[in-house]
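Please read these notes with the structure open beside you. They are meant to be followed point by point.

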Amino acid sequence: GRDGQAWGVIVLNIDVNGLFQQLRTDLPDNFWLYLTNERGDFLIHPQASLAFGFDRGRRVLVQDSYPAVQALLEQQATSVVTHADQAVGPVPADAVAAFQRLPLGEPAEGRFLILGLSLPLNMILQNVEQLGTTIWQLVLGFSVLAIVLVARVARAVLRPLEMMVAAVQRFSREHVMGELPLERRDEIGQLAEALRNMVVR
């Protein structure tokens, strides 16, 4: 009221867990999702007991597991890719994680959240190996296709040339022109036509 006395208390109850569960739903099982506030307290963590630690009187901070994220908290970077210093719950020590700073509210307020995704290193390496295998298969397939195409093109070009060489050799021996590729409508056909015209004259 006007005299500074409280008349009542308004309580807003938001189903944060339901909201966060929707964030997790679209991710594959081997991805781990993190969300922290601007101080680094986990709001979402793969091990549920480590989320909202500040509500239970303990601080569980992202920078303790991922020191490189400190640059995001100090607003020196907008994203980092790093790895865990130690295993925490289901997250192995060799997990690779990417974190992104997300502005929250008005820019002047300087508030933000940090969103992170983590994946075991062996899964990344497995995907890289699969990608490498796929690339080799594509390269091999295109190489075979290129060889076949080159062979066909070479045959289409060399065969008429061989016919003209044979025709000229026959003419030099027997004074009779052999078969020429006169049906072609390209430079080779023009050359064959010129040879025939030379013989006719």
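This is a predicted model: local features need pLDDT of at least 70, side-chain atom pairs count only at pLDDT 80 or more; totals for chains, interfaces and linings use all residues.

1. Tyr66 has a relative accessible area of 2%. Buried means under 20%, so Tyr66 counts as buried.

2. Tyr66 pairs with Tyr34. The centres of the two rings are 5.6 Å apart and the planes stand at 75 degrees, so this pair is edge-to-face.

3. Where do Tyr34 and Tyr66 lie? Tyr34 is in strand β1, residues 32-36, while Tyr66 is in the loop between α2 (62-65) and α3 (70-73). The pair therefore ties together parts that are 32 residues apart in sequence. Tyr34 has 1% relative accessibility and so counts as buried.

4. The structure holds four aromatic pairs. One of them joins Tyr34 to Phe42, with 5.8 Å from centre to centre and 40 degrees between the planes, and is tilted. Tyr34 and Phe42 are both buried. A single aromatic cluster is formed by Tyr34, Phe42, Tyr66 and Phe99.

5. Next, the sheet. Five strands make up an open sheet, in the order β2-β1-β5-β4-β3, with antiparallel pairing. At the edges are β2 (42-44) and β3 (79-83), each of which pairs on one side only. On average, neighbouring strands of this sheet are turned by 25 degrees against each other, direction ignored. As background, strands of a sheet pair through backbone hydrogen bonds, either parallel or antiparallel.

6. How many bridges join β4 to β5? There are eight, between residues 96-103 of β4 and residues 112-119 of β5, and the two strands run antiparallel.

7. Arg101 lies over the face of the Phe112 ring, at 5.6 Å from the ring centre.

8. The last point concerns Leu61, in the loop between β2 and α2. Is Leu61 buried or exposed? Its relative accessible area is 16%, so Leu61 is buried. Leaving aside residues up to four places away in sequence, Leu61 touches Arg39, Gly40, Asp41 and Phe42. Leu61 and Asn37 are 24 residues apart along the chain, and their C-alpha atoms are separated by 9.5 Å.

Key: Residues are numbered from 1 along each chain as its sequence is written. Side-chain values use heavy atoms; hydrogens and water are left out. Rings of Phe, Tyr and Trp (its six-membered ring) pair if their centres lie within 6.5 Å; planes under 30 degrees apart count as stacked, over 60 as edge-to-face and the rest as tilted. Buried means under 20% relative accessible area, exposed over 50%, partly exposed in between (1.4 Å probe, protein chains only). Helices (H or I, at least four residues) and strands (E, at least two) are DSSP runs, numbered from the N terminus. A charge sits over a ring if NZ of Lys or CZ of Arg is within 6 Å of the ring centre and within 35 degrees of the ring normal. Two strands pair if DSSP finds at least two bridges between them. Axes are lines fitted to C-alpha atoms, for helices over the stretch in contact, and angles run from 0 to 180 degrees between N-to-C directions. Contact means heavy atoms within 4.5 Å.
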